[in-house]
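Open the model in a viewer and keep the sequence panel beside it. The stops below say what to select and what is found there.

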Amino acid sequence: MSVLQDIIDGVREDLAARQQTVSLAELADRIARTPPPLDAYAALGGNDPVRAELKVIAEVKRRSPSKGDLAGITDPAALARQYGNGGASVISVLTEERRFGGSLADLDAVRDAVEIPVLRKDFTCDPYMIWEARAHGADLALLIVAALTDEELRDYLALTHRLGMNALVETHTAGEIARAVAVGAKIIGINVRNLKTLDVDRGVFAALAGTVAPGPLLVAESGVRDAADVGHYASHGANAVLVGEALVTDATPLERITEFRTVGARAIKNPSISTR
């Protein structure tokens, strides 16, 4: 069994318990009373004619399957405010509980704390989770191509749009990118972490980004250790980087995001400066 499938099996068990507690009708009622979603596509530069700067998606992340415990985040709202003050364009909140130590309570806390788009980062395997994300204030949902059939990918993406949201459509291979493009994904994530081994290969982004025709925004996921990695992704076409571990383990995440944005903008203007 792959790591991804093992995680999804746990997600389905936890989802079934929540569905017994909160009905889809209740989620719809909550959405009707929730402020409309913010435009994450625009926040990530989707309406900019020229890619002039690198956007940062900063993540609230306590644990990971590959590294175990990362940070004891006692106040996700305070961390999110630091991210926003540093210039993050989107805050990502991991809500998966078993492997990542997240929760919908974290999503609620972050949504109440910031005025920029929020991504619910979870292993979406049922439409209920998209309704749930919007009901808890998310503006953006994660759709992992490797976890979905073509029909599911198309239908889930359509549902995010129906609810006024955007989707970060995560890919790992050229074939998955082709599937994402085929359903009209506007924001495509290229995750450089191997789902089977959990190893990271930063060269994957450069290899795959070049296969995507102009149009979708490209988000580099995983593997950011420092500013040099950010510059590498920016120089190879990333519109944004999603950063978790490097920020939650840093004593000064606000300053680190500022540094990442500066280095990213420089690499966009002068791609040859990248050293990795």
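Which residues point one way from β1, and which the other way? Select β1, residues 55–60: K55, I57 and E59 point one way, V56, A58 and V60 the other, and all are buried. Buried means under 20% relative accessible area, exposed over 50%, and partly exposed in between, with a 1.4 Å probe and protein chains only. In a regular strand the side chains alternate between the two faces of the sheet.

Two notes before going on. This is a predicted model, in which local features need pLDDT of at least 70 and side-chain atom pairs count only at pLDDT 80 or more, while totals for chains, interfaces and linings use all residues. Residues are numbered from 1 along each chain as its sequence is written, and side-chain values use heavy atoms, with hydrogens and water left out.

**The barrel**

Stay on β1 and show its neighbours. Strands (E, at least two residues) and helices (H or I, at least four) are DSSP runs, numbered from the N terminus; two strands pair if DSSP finds at least two bridges between them. β1 pairs with β10 in the parallel sense over 4 bridges, and the bridge partner of I57 in β10 is L242. β1 also pairs with β4, residues 90–94, in the parallel sense over 4 bridges; here E59 has S92 as its bridge partner.

Now select the strands in the order β1-β4-β5-β6-β7-β8-β9-β10: they make a closed barrel of 8 strands with parallel pairing. The twist averages 25° from one strand to the next. Axes are lines fitted to C-alpha atoms, for helices over the stretch in contact, and angles run from 0 to 180 degrees between N-to-C directions.

**Strand β7**

Select β7, residues 166–171. 6 of its 6 residues are buried, so β7 is largely enclosed by the rest of the structure. N166, L168 and E170 point one way, and A167, V169 and T171 the other. β6 and β7 run parallel and are joined by 5 bridges, with A141 opposite A167. β8, residues 187–191, runs parallel to β7 and is joined to it by 3 bridges. In β8, V169 has I188 as its bridge partner. α8 packs on the sheet, touching β7 and β8, and its direction makes about 155° with that of β7; contact means heavy atoms within 4.5 Å.

**Helix α7**

Next select residues 150–162, helix α7. Its 13 residues should span 18 Å at 1.5 Å a residue, and the end C-alpha atoms are 18 Å apart, which agrees. The expected span is 1.5 Å times one less than the number of residues.

Which residues of α7 are buried? They are L153, Y156, L157, L159 and T160. Seen down the axis of α7, the buried residues fall within an arc of 155°, so they line one face of the helix; the arc is that of the directions from the helix axis to the C-beta atoms. They pack against α6 (127–135), β6 (140–144), β7 and α8 (174–182). On the other side of α7, E151 and R162 are exposed. After α7 comes G164, with a positive phi near 85°.

**The core**

Colour the nonpolar residues and centre on F205. The largest nonpolar core has 95 residues, and Y83, I91 and F205 have the most contacts inside it. Such a core is a set of buried Ala, Val, Leu, Ile, Met, Phe, Trp, Tyr and Cys residues joined through side-chain atoms within 4.5 Å. Leaving out residues up to four places away in sequence, F205 touches I190, V192, L218, V219, A220, Y233, H236, G237 and A238.

**Loops**

Select N239, in the loop between α10 (227–235) and β10 (240–243). N239 is buried, with a relative accessible area of 14%. Beyond residues up to four places away in sequence, its contacts include L44, R51, E53, L54, K55, P216, L217 and L218.

Move to S222, in the loop between β9 (217–221) and α10. At 17% relative accessibility, S222 counts as buried, and its phi is near 80°, positive in a residue other than glycine. Most residues other than glycine have a negative phi. End at L198, in the loop between β8 and α9 (203–209), where phi is also positive, near 70°.
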